[in-house]
Amino acid sequence: MIPAEFTGGWARQGIGIDGRPPVEDAVVWWLQAPVRHADLRVPVSGTGPSTSFAGVTSWDGSALTWSRQVDLEHFDGTDVGTTTWDGEDLLESGTFSEPDGSTTDYVERWTRLPGSAAPLWALRRGAARLVRAGDYAITLADERVGGGVFTATAWSRSGNGWQVHHTLPGVPLAPAPPSPEGTDDSWAAE
């Protein structure tokens, strides 16, 4: 289990590469339950790369490690970010590997999504995964093994139930979350 200050919903406000000022050209949500996470990133302009993944998060006292169990890109590396705080914003820093074997430094700024403190759910239904943080949820389903597609959708809750916030382009929506009042029998706790 990770410390409670990291749980909930987060929106990335920018990423700085190799010391350059942070920029943001994507809608990026990271939802974190006590052990499980889900992440969905889609470009703001509709062009550019999209990605999504979900799995288990661990904490070593200074850094978070995200172990991906469901992943659009089949990432085989280690996703580790050292964390610090700038007021209420979470700063994550680390390196990522380039195709040529070199590494690139990065710093990401994350702002908490309002209304994301609780409830925190991590659920599973067949090939689908769901992480809920308060009024936000991300569902993913990897059905490529059976000839299907990878889907991922970020949802926000309003008085009318769950509404799509952003989704992987060009594929159907991922399964909708269960009703906000509780789970249904088709989803099981992870």
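D18 is partly exposed, with a relative accessible area of 45%. The model is a predicted one. D18 is found in the loop between β1 and β2. Its backbone stands out: phi is positive, about 50 degrees, although D18 is not a glycine.

## The whole chain

The protein has 14 strands and zero helices. Read along the sequence, the pattern is β-β-β-β-β-β-β-β-β-β-β-β-β-β. The radius of gyration is 16 Å, close to the 16 Å that the globule rule gives for 190 residues, so the protein is as compact as a globular protein of that length. Along the principal axes, the C-alpha trace spans about 45 × 40 × 30 Å.

How much of the protein is buried? Buried residues account for 45% of the 190 residues. The accessible surface comes to about 9,300 Å². Carbon and sulfur atoms hold 52% of that surface.

Contacts also reach along the chain. Take those between residues at least 6 apart in sequence: 43% of them join residues at least 24 apart.

The protein carries 13 positive and 25 negative charges.

Strand β1 covers residues 8-17. This strand is mostly covered, with eight of its ten residues buried. The cut-off for buried is under 20% relative accessible area.

β1 pairs with strand β2, residues 26-32, in the antiparallel sense. Four bridges link β1 and β2.

## The six-stranded open sheet

Which strands form the open sheet, and in what order? Six strands take part, in the order β13-β12-β11-β10-β9-β14. The pairing is antiparallel. β13 and β14 (188-189) stand at the edges, each with a single partner strand, so one side of each is left without a neighbour in the sheet.

Strand β12 (residues 150-158) and strand β13 (residues 161-167) pair over six bridges, in the antiparallel sense. A hairpin of two residues joins β12 to β13. Within this pair, S156 stands opposite Q163 in β13.

Strand β9 (residues 120-125) pairs with β14 in the antiparallel sense, over two bridges. R124 stands opposite A188 in β14.

The table sets out pairings from the sections above.

| Strand pair | Sense | Bridges |
|---|---|---|
| β1 and β2 | antiparallel | four bridges |
| β12 and β13 | antiparallel | six bridges |
| β9 and β14 | antiparallel | two bridges |

## Loops

The loop between β8 and β9 holds P114. Is P114 buried or exposed? At 60% relative accessibility, P114 counts as exposed; the cut-off for exposed is over 50%. P114 and F6 lie 108 residues apart along the chain, and their C-alpha atoms are separated by 14 Å.

P119 lies in the loop between β8 and β9 as well. A cis peptide bond joins A118 and P119. Its omega is about 0 degrees.

Another loop runs between β11 (136-142) and β12, and G147 is found there. G147 counts as exposed, at 67% relative accessibility. G147 and P43 are 104 residues apart along the chain. Their C-alpha atoms are separated by 26 Å.

## A residue within a strand

S67 is found in strand β5, residues 63-71. At 38% relative accessibility, S67 counts as partly exposed.

Which residues does S67 touch, leaving out those up to four places away in sequence? They are H37, A54, G55 and V56. H37 is 30 residues from S67 in sequence. In space, C-alpha to C-alpha, S67 and H37 are 9.1 Å apart.

Notes: Residues are numbered from 1 along each chain as its sequence is written. This is a predicted model: local features need pLDDT of at least 70, side-chain atom pairs count only at pLDDT 80 or more; totals for chains, interfaces and linings use all residues. Side-chain values use heavy atoms; hydrogens and water are left out. The radius of gyration is taken over C-alpha atoms; the globule rule is 2.2 Å times the number of residues to the power 0.38. Buried means under 20% relative accessible area, exposed over 50%, partly exposed in between (1.4 Å probe, protein chains only). Contact means heavy atoms within 4.5 Å. Accessible areas come from the Shrake-Rupley method with a 1.4 Å probe; for residues, only the protein chains shown count as cover. Lys and Arg count as positive and Asp and Glu as negative; His and the chain ends are not counted. The place of a charge is taken as NZ of Lys, CZ of Arg, CG of Asp or CD of Glu. Two strands pair if DSSP finds at least two bridges between them.
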